[in-house]
Protein chains: 2
Amino acid sequence: MHSKKVAFQGEHGAYSEIAALKVFPDLELIPKKLFQDVFEALNDRTADYAVVPIENSIEGSVNEIYDLLLDTQKKVSGEIFLRINHCLIANFQHTSPITKAYSHSQAIAQCRNYLRNKNLEPIPTYDTAGAVRMIKEKAILDAAGIASRRAAEIYGMEILEDGIEDKKNNFTRFLILSDNETKPTGRDRTSFIFRLQHKPGALFSILREFADRQINLTKIESRPTKEKPWEYYFYVDIEGHCDDINIKEVINSILSRSISLNILGSYKQGTMT
Amino acid sequence: MHSKKVAFQGEHGAYSEIAALKVFPDLELIPKKLFQDVFEALNDRTADYAVVPIENSIEGSVNEIYDLLLDTQKKVSGEIFLRINHCLIANFQHTSPITKAYSHSQAIAQCRNYLRNKNLEPIPTYDTAGAVRMIKEKAILDAAGIASRRAAEIYGMEILEDGIEDKKNNFTRFLILSDNETKPTGRDRTSFIFRLQHKPGALFSILREFADRQINLTKIESRPTKEKPWEYYFYVDIEGHCDDINIKEVINSILSRSISLNILGSYKQGTMT
């Protein structure tokens, strides 16, 4: 029997893996080095689902995911909110005191005050769990990594301190990608992408369509078209399902005013617990 | 005599340093590890100017700079456009063939097709010029770095190939920060930040102010407030100078509709040469 698989970016212990476990506790989780590898795993069907971070409440949008969404044929079929809880993690045989902290630059930025107070020199790496694994494999004793509790458990390391992030309202929103289209639940969100002609007031005329229908826009993001410098795709999240009548209306009106329109999917809104 | 100093993020050979040299060829250039260090150098007056990347035509906005702009007392006093030209750089004694390529994940993404065609395994690091320096210092012979021509020259390395980026319309826009306020030149841009109440149509009502006055909005970006998850600051660039009458009008109308408004500065528009 084919066991379903979920692809995520990072090493085992990554926050994406923790998010995936909230929804798919019994499926096989496949780590991938790059976000692009995650999308390729979906396309070549070595994975049935992908869980990818789209936005963090402190750091904002994950640009690369927005770009990859533009080209995917898959649907957004769900969202997951995860509270980000950073731990300071070292080898059990570490020196005292520790003098350095390795982690992804975003995690470093989120623990900036803590690191300053503890006089820890921040050293940026490309991944949080990867920093912990590196400290383990190279048997580095005067440094710690900043990553999840799960990373410490997986690599058999000591948690020196838990909850070292400067701000506690640190959540990441993840999207679930798959072949599935979802039915309305009464509390849905719809995500889509449109490209406008480069002229004054073009964006304004689209936002008017939402405002006129009292549709709540929960996020707007712009990304470069990559074809012509400083021209953009706009990504919009709204409350509602694309089977709803007023959402169908607004989609039709945007279709007639935009160069392109891509509906990424409608899905049940996640909860921040 | 005090020689004026310009702070930038990255190692010598970074693209930010190349941008700074276009405007300040005779000043002392000070490398800083983190963007935050660059802003601190301005604040404690160890630097007179800073040159920071705000947006790339392929990768989009540099989120961290947007956040740092929120808290700075300095003014945006200019912008610089730089064409990004990536080189594959190795030690002169390198093996043949090379099998790996180290660089910042953004540079890797921009050379994705090239790396695939050449069968080079990408390895993400935290900096472009830093990858070249690391390959030099560790005498790694089976790998190359992806960085600027200047990085190869500074570290005495061989350029295996020049112009390996997949798309040639790859420009980065940099901002110059200083204590200076600039006079109107007739071809200016103004940047500002506002925060809106979280209610449907709030952004729409602001964009109407620009549309009604035929003011061209060249960029809109949102960043999390970090106080309340999923509430945003909006960053807007418009054509014109804050001494212009219609710009003064629009600023007044936004003031009355927003929770906060911060004018980052008016400055001469850069040219993409």
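**A walk through a predicted two-chain model**

B:Ser258 counts as partly exposed because it has 19 C-beta neighbours inside 10 Å. In these terms, a residue is buried if 20 or more other C-beta atoms lie within 10 Å of its own, exposed if 12 or fewer, and partly exposed in between, with C-beta atoms placed from the backbone. This is a predicted model, in which local features need pLDDT of at least 70, side-chain atom pairs count only at pLDDT 80 or more, and totals for chains, interfaces and linings use all residues. Residues are numbered from 1 along each chain as its sequence is written, while chains are lettered from A and ligands numbered from 1 in the order in which they are written.

Let us stay with that serine for a moment. B:Ser258 sits in the loop between α9 (245-257) and β15 (260-268) of chain B; helices (H or I, at least four residues) and strands (E, at least two) are DSSP runs, numbered from the N terminus. Not counting residues up to four places away in sequence, B:Ser258 touches B:Phe194, B:Arg195 and B:Leu196, where contact is taken as C-beta atoms, placed from the backbone, within 7 Å. B:Gln197 is 61 residues from B:Ser258 in sequence, but the two are 6.9 Å apart in space, C-alpha to C-alpha.

How confident is the predictor? For chain A the mean pLDDT is 93, and 99% of its residues reach 70 or more; pLDDT is the predictor's confidence in each residue, from 0 to 100. The complex as a whole is given an ipTM of 0.78 and a pTM of 0.83.

Now for the inside. The largest nonpolar core holds 150 residues, and A:Ala50, A:Val51, B:Ala50 and B:Val51 have the most contacts inside it. Such a core is a set of buried Ala, Val, Leu, Ile, Met, Phe, Trp, Tyr and Cys residues joined through C-beta atoms within 7 Å.

Next, the two chains together. Chain B can be laid on chain A with an RMSD of 0.0 Å by a turn of 180 degrees and a shift of 0.0 Å along the axis, superposing by least squares on the C-alpha atoms of residues with pLDDT of at least 70 in both. The two copies are thus related as by a two-fold rotation axis. Their contact takes 34 residues from chain B and 33 residues from chain A. On the chain B side, β13(B) gives the most, with seven residues. Since 97% of the interface residues of chain B are also interface residues in chain A, the copies meet through the same surface.

The peptide bond from A:Ser96 to A:Pro97 is cis, with omega near 0 degrees, and A:Pro97 lies in the loop between β6 (87-90) and β7 (100-104) of chain A. A:Gln214, a residue other than glycine, has a positive phi near 55 degrees, and with 9 C-beta neighbours inside 10 Å, A:Gln214 counts as exposed. B:Lys226 also has a positive phi, near 70 degrees, but with 20 C-beta neighbours inside 10 Å, B:Lys226 counts as buried.

Note on methods
Two residues are in contact if their C-beta atoms, placed from the backbone, lie within 7 Å.
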